[in-house]
Amino acid sequence: MRGAAALRLRPQRLTPAARGPLSPLSTRPLSTCLSCRYAYKQSPRIIQQRRASSSYGDSYPDKFAPRSGPPDLDATNYYTLFPSTLPYGPPPNSFFTFNTSALRREFLELQSATHPDKFPQGPDKQRAETLSARLNDAYRTLSDPLKRAQYLLAEFHGINVLAEDGSGASKAGLDPETLMIVMEAQETVEELSGVPPAEAEKVVKRLRDANADRIEATVEKLASSFDISDIERAHTETVRLQFWYSLRDGLREWEPGHEEIRIVH
C-alpha cells in the first residue's frame with residue numbers, strides 16, 4: 001500500500017505562463033483573442049502614436065480633452081489661410097499656377113473644422129462664422145485665374161482693375177487687337193439672325209472654342225508675368241482676360257434666335 005501511495009501524482013498548480021498571458025488589471029489569463037493579445041502588448045505611448053498617425057484619428061475621441069473652439073488660422077491674406085497648399089505665399093515667392101485640387105481638399109477640411117454649426121452660441125460661434133465666410137471668399141478667389149490675378153493686383157500692388165471709373169482698365173492700355181476680336185465676335189453673332197438654328201449653333205461653337213484657346217493662352221502669359229514680378233504686363237493680361245471671360249459668358253448665354261451677345265467689361 002505504501003508503494004501504491006508513492007505512485008499517486010500530486011496535482012500541479014499551473015503557472016500564469018502556462019495558462020496564457022495575464023491581464024494588466026487582474027491575475028486572470030486573457031482569452032485567446034489575437035486582437036486582445038495584440039492590444040495588451042502595446043504600450044499607451046505606441047497606441048497614442050498610432051491614433052495620431054491614423055487617418056481615422058477622429059474615431060478615437062478623447063473624452064477628457066477640453067472642448068476647443070475654431071482652429072487658429074492665419075488670416076493675414078487669402079494665401080496664408082491655406083498653408084498646406086500655398087506654404088510660400090503669393091507670387092513671386094510661389095508660382096501663380098498651383099494645384100487647385102489640393103486647394104479644394106484643404107478648403108473642405110478647413111470648412112469642416114470651422115463650420116458654425118459645430119459651436120454653441122457665443123464667441124466661438126461668431127469667430128467660426130467669420131472664418132468660414134473668409135475661407136469661402138478666399139477659395140472662390142484663388143481657385144479662378146482671373147479673380148486670383150485681380151486679387152493679387154489689388155491686395156499687393158494697389159491696382160484695382162475693377163474700379164468703377166475704369167481707371168484700372170484704362171491704365172493697362174488695352175491693345176486694339178483685343179477690342180477688334182470682341183467686336184468681330186459680336187458682329188458675327190448679329191449676322192446669325194437669318195441663319196438656320198443648326199448652322200448658327202455651329203458658328204457659335206467655333207467662336208466659343210476659339211475664345212477658350214485665347215483664355216488658356218492669356219492665363220499662361222499672366223502666370224509668367226506674376227512669376228517674374230512683371231506687374232505692368234500682369235496688369236495688361238488681367239484686363240485682356242476680363243474681356244475673354246466676358247465674351248465667354250456672352251457666348252454661353254446665346255440661344256438660337258438671339259441677334260446679339262452681351263459683353264460686360
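In helix α6, the buried residues are K125, A128, L131, S132, L135, A138, Y139, T141 and L142, where buried means under 20% relative accessible area, exposed means over 50%, and partly exposed lies in between (1.4 Å probe, protein chains only). The elements that cover these buried residues include α5 (100-114) and α7 (145-157). Helix α6 itself runs over residues 123-142, and its 20 residues should span 28 Å at 1.5 Å a residue, which agrees with the 28 Å between its end C-alpha atoms. The expected span used here is 1.5 Å times one less than the number of residues in the helix.

The model is predicted, with local features requiring pLDDT of at least 70 and side-chain atom pairs counting only at pLDDT 80 or more, while totals for chains, interfaces and linings use all residues. Residues are numbered from 1 along each chain as its sequence is written, and side-chain values use heavy atoms, with hydrogens and water left out.

The secondary structure of the protein chain comes to 11 helices and zero strands; helices (H or I, at least four residues) and strands (E, at least two) are DSSP runs, numbered from the N terminus. Of the 265 residues of the chain, 34% count as buried. The chain exposes about 18,000 Å², and carbon and sulfur atoms supply 52% of this area, as computed by the Shrake-Rupley method with a 1.4 Å probe, with only the protein chains shown counting as cover for residues. Among contacts between residues at least 6 apart in sequence, 62% join residues at least 24 apart, a contact being heavy atoms within 4.5 Å.

The mean pLDDT is 79, and 70% of the residues reach 70 or more; pLDDT is the predictor's confidence in each residue, from 0 to 100. Helix α3 (residues 34-41) has the lowest confidence, at a mean of 40, whereas α7 has the highest, at 98. Over residues 1-9, pLDDT stays under 50, and the model has zero contacts beyond four places in sequence for them. Residues 11-67 also have pLDDT below 50, and this stretch has 29 contacts in the model beyond near neighbours in sequence. Where pLDDT is low, the predicted coordinates should not be read in detail.

T178, V182, A185 and V189 are the buried residues of α9. Seen down the axis of α9, these buried residues fall within an arc of 60 degrees, so they line one face of the helix; the arc is that of the directions from the helix axis to the C-beta atoms. An α-helix has 3.6 residues a turn, so residues three or four places apart point the same way. The buried residues of α9 pack against α10 (197-227) and α11 (231-253), while the face turned away from the buried side carries the exposed residues P176 and E177.

One of these partners, α11, has 23 residues and reaches 33 Å from its first C-alpha to its last, close to the 33 Å expected at 1.5 Å a residue. Helix α11 is mostly covered, with 17 of its 23 residues buried. In helix α10 lies A210, which is partly exposed, with a relative accessible area of 31%.

T85 lies in the loop between α4 (44-53) and α5 and is buried, with a relative accessible area of 18%. A polar atom of the T85 side chain lies 3.3 Å from the backbone oxygen of A102. Not counting residues up to four places away in sequence, T85 touches F98, N99, A102, L103 and E106. P92 is also placed in the loop between α4 and α5, and a cis peptide bond joins P91 and P92, with omega about 5 degrees.

In the loop between α10 and α11, I228 is exposed, with a relative accessible area of 61%. The C-alpha atoms of I228 and P91 are separated by 8.2 Å, with the two residues 137 apart along the chain. S229 lies in the loop between α10 and α11 and counts as partly exposed at 39% relative accessibility. Although S229 is not a glycine, its phi is positive, at about 60 degrees.

Notes. A polar contact is a pair of N or O atoms within 3.5 Å; within protein, one must be able to donate a hydrogen and the other to accept it, and residues adjacent in sequence count only if both atoms are side-chain atoms.
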